[in-house]
Amino acid sequence: MYLEVESLEKRYGHFAPSVSDLSFSLGQGELLGLLGPSGCGKTTTLRMISGLVQATSGKIKVGGQDVTRLPTYRRNMGVMFQSYALFPHMTIAENVAFGLQMRKARHADIAKRVESALAMVHLSGVAERKPRELSGGQQQRVALARALVIEPDILLLDEPLSNLDAKLRDNMRGEIRDIQQRLRMTTVFVTHDQTEAMAICDRIIVMNRGKLEQIGTPHDIYENPATPMVAEFVGRINRLEGQWRSDGAIAVGDSLLQVKDGGGTGRVLIMIRPHRIDLGAWGTASAGSAEENTIAGTIRHVTYVGDTFQYEVATTGGLLQVEKATSSMADPFQPGDAVTLRWKTRDTLTFSTEIAG
Amino acid sequence: MPKISRGFHALCIASIMTFLLAPVILVFPISFSADAYVAWPPSAWSTRWYVALLHNEEMVTAFRNSLIIAACVTAITLIVAMPAAVALTRWNFLGRDALTSLFTAPLLLPSIVLGLAILVIFAGYGLVGSWPGVIIGHLVITLPYALRVLITGLSTMPAFVEDAAGTLGADPWRVFRRITLPLMTPALVASAALAFIVSFDEVVISLFIAGTQLKLLPVSLYHYVESWTDPLVAAVSALLVLGTLGIVLIVERAIGFGKAVSK
Amino acid sequence: MTVSTVDADARSGGGRLLLTLLLPIIFVNVIAFIAPVANLVAMSFREATATGSMKEGMDLATWSSLVGDAYYWSMLWRTIWIGALITLVTLVLSYPLALFVSRAEKAKALLIVLCISPLLISAVVRTYGWMVILGDQGFLPALLRSFNVTPPRLINSQLGVVIGMTEILMPYMILSLLSGFGKLDTTLEQAAETLGAGPLTVFRRIVLPLSMPGVLLGCLLCFVLAVSSFITPKMLGGGRVALLATEIYDQAIVTLNWPVAACLSVLILIVFGTALLFYGQLSKIVE
Ligand SMILES: Nc1ncnc2c1ncn2[C@@H]1O[C@H](COP(=O)(O)OP(=O)(O)O)[C@@H](O)[C@H]1O
Ligand SMILES: [Mg+2]
């Protein structure tokens, strides 16, 4: 493994640790997303990897070499800051050249590499301008070029897209992924936006309160969340409470639900994504099979948001949100309609240990 | 607002402004008086007091001494305050805020008390009337000004540029040379100008520790006014006002320029 | 929060470097601030002999002779009330000017520079300017005479000291007031107007209360500076206005009675402390 992080911990003063017991590893050329709510310790983790913050304990290894106590300026990591942190008193070319000058590269060599780095981010025309004369998107590209031109061992990006408007954000996201793939650059990408992480990362770490909740591919994280926190963080989801039965099914209200790999005792938390639930008129339902769960309900509320209808449905287990794609036809259900809710067994997520929250 | 009350309002503001600037402005006409004493209106105009000033050995010496002292104090102020400001903004340590308050505390002490305190202790070491004595005495009051300006400059620097330089391979010294120092040029210029003006103008502390041996301009002016009533001091005052104006303009250009560079 | 900091022990040798950076300023402060002030306080517990030399040992002799002397009590009282008067006049003159400047749309920066720049001119020069204006042959008496008014005694009197000190201190007051007005949002006044408040009510109910912190800070600053200033009272008072600060100078330089000068210095510091306490209490009420 190229980047290895072992039981990393950071305490600021005597507060609860901002990051604790964090371990993961990363292969050469992999793009890892660090995802979590604001304040969960993403930036702190990134700063420990780059050496801007000293880890309280734990180890960081790059290519097998322990760099935990190495100062930032000897680590050879490219860092892109959320605020870009371009040097305001230097031109764009000088900004990009800075890292090469620190490495005592030859003059002609520097000019050539700066030029090609700026070409890579489509900014060849602005080399002699000052950062304040560029738009946010352009500044962002300069920051990327400046981080990449030193040919870093690892690229670290801290919410690189959060200061851009929505359209630019999608473009830049694709571009970052492109460049990362082309250079086979081992990259850690911090974000609090799950779509962003899903869209470009090979694997994602979900963090919460300084701890790792789950590490896995975007598909894993979404389909098999390890904790309710992960399930809720990566998309809208319904919560129901139920009781395990000895036959491996779950009793919710007066209905029975099947789960894919069931079994347990006591109370259980069930989670289902709103768009994985199908709605049918009452009576069209066949009884629940091993493949499918059904439950009866009454429409409470309908909201039309253009591409979907969002229904609020009262069931014996509680309120459920259901999402249906709209079509050109009229609203199929009205408040008060009796309906059957139906969803795949494998879309029924269960969490036995954590009912709270 | 009705017209009359607005006119009255404007008149009030103009009068107050006049009051505020009157003493600084009126020394100019008086400095061109041909009379042997200060009287308004002068019976005739002349430049005789400027000529007299050039031939007044005490004033010329005092002016030269004050310039030298102010230049030394400015240089030492920057050399002492700069590392302190870096330490107080770039390190986290216990008692940092307390230290910062301590270093700016001399500003809060009445200068008459400070002057007396320094006199009493310096007298025991023969420092009264000596160059080092006066320089150290001035440092106590220039340092807090410079420190405040530099700390503000250092802590309002754009976010994370120093970190960024570190990640690009610059060691702490090179981060300071290439990033921190250029970005704080405006603060440096401002604190240098402030230190120079404060030292050059300081009269109370100088009265105590310059003694009679080391002539300094504000002290000599003060003593001159005590015993003479001619317009010589008006000529000096007019020159000092112009000099201060000059420094302010230079700083404005330098900082304006610096700001343009750093934005 | 814009700039990150390092922990003292974060870098290797960080602690030693930190100490090196702070050593020069600590050195200057110890030899020219902490030690002298401590020494001065100690000096107030000593006693001078008739020849000017110091008696051995420390006691309260100088203090008790001071406390028993009505001359010093009246001087203390005069210092305080003249200081308060100067503060009040300064406030009354500075408030409208500061309000005007903070509302100015055109040339605001220039106005601020004009109001503050007198600070950069030596107090000796500015006070001399007042001697030119207020002196018996000065500008103002000449002006008054041309209107057939007999001028009052302007110089070498308390009136002269108050006029000069007011002008000297105005920039400090204006600075404090401006910082207070900075928080004053004109939309608040507009809101009050839409609710039916006339200009006077707007001023009394909105502007004045919101500017109180700046007013208090300015008053503290001016009072403290007025009580401890010495050049202007000396030059414009002509030796006829005896205040604590002028007395300290006379005792230290003319009479060479350092213990008395030290006691009076401590007294000024006590007045300072009391003013600060008042300020703290009033700020709490204003909040
Ligand atoms: N320099 C610091 N001193 C004290 N606490 C800090 C510092 N930096 C971050 N923290 C705390 O550490 C936690 C994690 O912060 P951070 O890593 O910035 O979160 P994120 O980047 O995920 O939003 C937060 O609770 C924050 O308050
Ligand atoms: Mg963050």
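I count a salt bridge when a side-chain nitrogen of Lys or Arg lies within 4 Å of a carboxyl oxygen of Asp or Glu. With that in hand, I opened the notebook on this predicted model.

**Entry 1: the two domains of chain A**

I began with the division of chain A, which has domain 1 at 3-232 and domain 2 at 238-356. Taken over C-alpha atoms, the centres of these domains are 40 Å apart. One I looked up joins the side chains of A:E232 and A:R239, at 2.7 Å from N to O. Between domain 1 of chain A and domain 2 of chain A I also noted four residue pairs in polar contact, with both residues at pLDDT 80 or more.

Which elements give two or more residues to the side of domain 1 of chain A that touches domain 2 of chain A? I found α7 (218-223) and α8 (228-233) of chain A. The largest share of that side, three residues, comes from α8(A). Sorted by class, the side of domain 1 of chain A that touches domain 2 of chain A holds five nonpolar, two polar and two charged residues.

For the contact itself, I noted nine residues of domain 1 of chain A against 11 residues of domain 2 of chain A. The two domains bury about 850 Å² between them, and carbon and sulfur atoms give 49% of that area.

**Entry 2: chain B against chain C**

Next I turned to the interface of chain B and chain C. Here 81 residues of chain B are in contact with 76 residues of chain C. The buried area is about 6900 Å², with 82% of it on carbon and sulfur atoms. I asked which three residues supply more than any other three of the area that chain B buries against chain C. They are B:F19, B:L20 and B:W91, and they supply 11%.

How many salt bridges are there between chain B and chain C? The count is zero. I did find three residue pairs in polar contact across this interface, both residues at pLDDT 80 or more. Helix α1 (residues 3-31) of chain B gives the largest share of the side that touches chain C, at 12 residues. By class, that side of chain B has 68 nonpolar, seven polar and six charged residues.

**Entry 3: salt bridges over all chains**

I then searched the whole structure and got 22 salt bridges over all chains. A friendly reminder to myself: side chains of opposite charge can pair when their charged atoms come close.

One of the pairs is A:E159 with A:K42, at 4.0 Å from N to O. The pair links distant parts of the chain, 117 residues apart: A:E159 is in the loop between β7 (154-158) and α5 of chain A, and A:K42 is in helix α1 (residues 42-50) of chain A.

A:R113 is partly exposed at 24%, and A:D109 is partly exposed at 23%.

In chain C, the side chains of C:K234 and C:D250 form a salt bridge at 2.8 Å, N to O. C:K234 is in helix α10 (residues 231-237) and C:D250 in helix α11 (residues 244-254), so the pair ties together parts 16 residues apart in sequence. C:K234 counts as buried at 18% relative accessibility, because the cut-off for buried is under 20%. C:D250 is partly exposed at 24%. I also noted a network in which salt bridges that share partners join A:D109, A:R113 and A:E151.

**Entry 4: backbone and one serine**

I checked the peptide bond from B:W40 to B:P41 and found it cis, with omega near -10°. B:P41 sits in the loop between α1 and α2 (48-55) of chain B.

Phi is positive at A:Y84, near 75°, in a residue other than glycine. A:Y84 lies in the loop between β6 (77-80) and α2 (92-102) of chain A and counts as buried at 5% relative accessibility. A:R184 also has a positive phi, near 50°, and its place is the loop between α5 (166-183) and β8 (187-191) of chain A.

Last, I looked up C:S283 in helix α12 (residues 258-286) of chain C. C:S283 is buried at 17%, and its side chain reaches the backbone oxygen of C:Y279 at 2.7 Å.

Notes:
Residues numbered from 1 in each chain as written. Chains lettered and ligands numbered in written order. Predicted model: local features only at pLDDT ≥ 70, side-chain atom pairs only at ≥ 80, totals over all residues. Heavy atoms only, no water. Helix = DSSP H or I, 4+ residues; strand = E, 2+ residues; numbered from the N terminus. Buried < 20%, exposed > 50% of the residue type's maximum accessible area, 1.4 Å probe, protein only. Polar contact = N/O pair within 3.5 Å; in protein donor to acceptor, adjacent residues only side chain to side chain. Domains from an automatic or database assignment. Contact = heavy atoms within 4.5 Å. Buried area = accessible area lost by both parts, 1.4 Å probe. Nonpolar A, V, L, I, M, F, W, Y, C, P; charged D, E, K, R; others polar.
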